[in-house]
Amino acid sequence: MELLPLLDPNSAEPLYGQLYRHIRAEIEAGRLAPGSRLPSVRKLAAHLGVSRTPVEDAYQQLLAEGYAESKPRSGLTVRAYEPDFGKARHPASRSGAVLPDRGSERQRPDRTLPAPGSPVFSASPEAAGPSGTIDFSYGDVDLSHFPFALWKKLLGTCFLPEHRDLFRYGDPLGEIGFRRALADYAYRARAVLCPPERMVVGAGTHHSMEQLCRLLRETPYGPGATAFAAEQAMSDGLAAIMRQHGYRLAPLRLEEDGICIEDLYESGATIVYTTPSHQFPYGMVMSIGKRRRLLKWAADVGGLIVEDDYDGEFRYAGRPIPSLQGLDAAASFVVYMGTFSRALAPAFRLSYTALPPALAESAQAALHPFDRLASPLHQRTLELFMTNGHMQRHIRKMRSVYQRKSAALLAAIKDGLEPHFRVEGGSAGLHVLLEPDDGRSEASLMESALDAGVRVYPTSVYRTESRTDEPAAVLLGFGGLDEQHIQEGVHRLAHAWNRG
């Protein structure tokens, strides 16, 4: 196969982005047929007269977005392309048209073991070490790089007399200045297209889901919608909130590129919850074709998609994948939920929801005045952090930090646990899954790990229905550990799990 992209080394766009766009356009136009094999990285790099790095990065982005797939002994091949069902409303809403700049509460422990965050299982780098228990807790983040002095300075400006309004209850939807900053940030970082008037501020993802469930009861999706279709494994806390609001959960099978769309049609539900950019907890990324099929489902049934983008800023192969919301040409089918618990720190309790127009019209009346849990002081501080350019730099730094940690974890697993354990979800986010090849149970893995001074976590608690045919898997979060403790923790696991 011959590829002849016109690459401009003087362009502001990097070479890999130019190459990615060229190949994507060829696939979308049908000039690269499904099943056709792409040139090897070495051959294409030599043909174009460039290094292998931009070719590798372009291929990684095509893989991540589902335009291509890697097959044993076949190399990289073109996947069947699912055309868009509607005309995009904005150039940035087309697949991949916005590739964000590189800078641009999910844990229920097994009740028989101490909870994460307790003194015995503290996952902070200072507390976890060779002489103590190493905790691969999912919910922790690295605070050693947090700009404490800068945050204190920005917070201090809130105490000037002209900002006395910040000490009142504030707007139930969120402070308008913060919502303007959110709209700009979400577009630049995640290709979310939403004006500030349709942004709603929450106090964490669980609170945002609570807000949304109450809001849905006041809209056309209200009492008539009794089922919430959801991935067959998801945050147990969010599942509990849906059930508390009277929704029956209709589980959808997970395939290698996201939820099974056929299951969704058969469920009869008109609302679906999904984590397309990094499925929780299994880690797969929804392909571009499946994203468009999901939007087509919403158009066919008049449905609503709830997109939870809980850690979309952290992708380590290629650029972050644009949001599903950005592909919604009709601007009617997707509710986008984002959070700063991973990007900054969970203690600030700041999240946000980008609403389609039909829901935004009811938000002011549905969200009660007493429901103001996100502090106006924190909103204003983060607004300043964003508008002064600090957020972009912080995300860029933390992406590099977490990428090194992810690489250290994967390398340690490769050296100590493969081929007897399979790793899932290592290309994005702050956790991976490990699946044994010998049928050992989740409980036995956790217990032997704990005997070795390592805390790992179950995945079975996240299943929306009880099943006995699911393979055992344990979850390892790495955000709160440094590289030395990550390597030591995996070394202990290898010693404990490989003894038999």
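## Thr353 and its surroundings

Setting aside neighbours within four places in sequence, Thr353 is in contact (heavy atoms within 4.5 Å) with Arg198, Met199, Val200, Ser208, Val335, Tyr336 and Met337. Thr353 sits in strand S12, residues 351–354; helices here (H or I, at least four residues) and strands (E, at least two) are DSSP runs, numbered from the N terminus. With a relative accessible area of 3%, Thr353 is buried. Buried means under 20% relative accessible area, exposed over 50%, and partly exposed in between, using a 1.4 Å probe and protein chains only.

Residues are numbered from 1 along each chain as its sequence is written, and side-chain values use heavy atoms, with hydrogens and water left out.

The protein chain has a mean pLDDT (the predictor's confidence in each residue, from 0 to 100) of 82, and 86% of its residues reach 70 or more. Residues 87–130 have pLDDT below 50, and this stretch has 141 contacts in the model beyond near neighbours in sequence. Where pLDDT is low, the predicted coordinates should not be read in detail.

## Two nonpolar cores

A nonpolar core is a set of buried Ala, Val, Leu, Ile, Met, Phe, Trp, Tyr and Cys residues joined through side-chain atoms within 4.5 Å. The largest one has 61 residues, of which Phe136, Phe340, Leu382, Met391, Val456 and Trp497 touch the most other members. Helix H12 (residues 390–416) gives this core its largest share, eight residues. Apart from it lies another core of 52 residues, including Ala227, Ala250, Phe333 and Leu475.

Trp497 deserves a look of its own. Not counting residues up to four places away in sequence, Trp497 touches Leu417, Phe421, Leu434, Arg440, Leu445, Ser448, Ala449, Val456 and Val474.

## Aromatic pairs

Rings of Phe, Tyr and Trp (its six-membered ring) pair if their centres lie within 6.5 Å; planes under 30 degrees apart count as stacked, over 60 as edge-to-face and the rest as tilted. Searching the whole structure gives 14 aromatic pairs. In one of them, the rings of Phe340 and Tyr352 have centres 5.6 Å apart and planes at 35 degrees, so the pair is tilted. This pair links distant parts of the chain, twelve residues apart: Phe340 is in the loop between strand S11 (334–339) and S12, and Tyr352 is in strand S12. Phe340 counts as buried at 2% relative accessibility, and Tyr352 counts as buried at 1%.

Phe421 and Trp497 form a stacked pair, 4.9 Å centre to centre with 25 degrees between the planes. Here the partners are 76 residues apart, with Phe421 in strand S13 (residues 421–424) and Trp497 in helix H14 (residues 483–497). Both Phe421 and Trp497 are buried. Elsewhere, Phe146, Phe148, Trp151, Phe348 and Phe385 form one aromatic cluster.

## An antiparallel sheet

Strand S13 also belongs to an open sheet of four strands in the order S13-S14-S17-S16, with antiparallel pairing. Two strands pair if DSSP finds at least two bridges between them. S13 and strand S16 (457–458) are the edge strands, each pairing on one side only. Strand S14 (residues 431–436) and strand S17 (residues 474–477) run antiparallel and are joined by four bridges. Among the residues involved, Leu434 has Val474 in S17 as its bridge partner.

## Helix H7

Helix H7 spans residues 236–244, and Asp236, Leu238, Ala239, Ile241 and Met242 are buried in it. The cover over these buried residues includes helix H6 (205–216) and strands S5 (227–231), S6 (248–252), S9 (271–274) and S10 (304–309).

At the N-terminal end, Ser235 caps H7, with a side-chain oxygen 3.3 Å from the backbone nitrogen of Gly237. Just after H7, Gly246 takes a positive phi of about 90 degrees.

## The loop at Ala345

Ala345 lies in the loop between S11 and S12 and counts as buried at 11% relative accessibility. Ala345 and Asp140 are 205 residues apart in sequence and 8.6 Å apart in space, C-alpha to C-alpha. Leaving out residues up to four places away in sequence, Ala345 touches Val141, Leu143 and Phe340.

Definitions and conventions:
Predicted model: local features only at pLDDT ≥ 70, side-chain atom pairs only at ≥ 80, totals over all residues. Polar contact = N/O pair within 3.5 Å; in protein donor to acceptor, adjacent residues only side chain to side chain.
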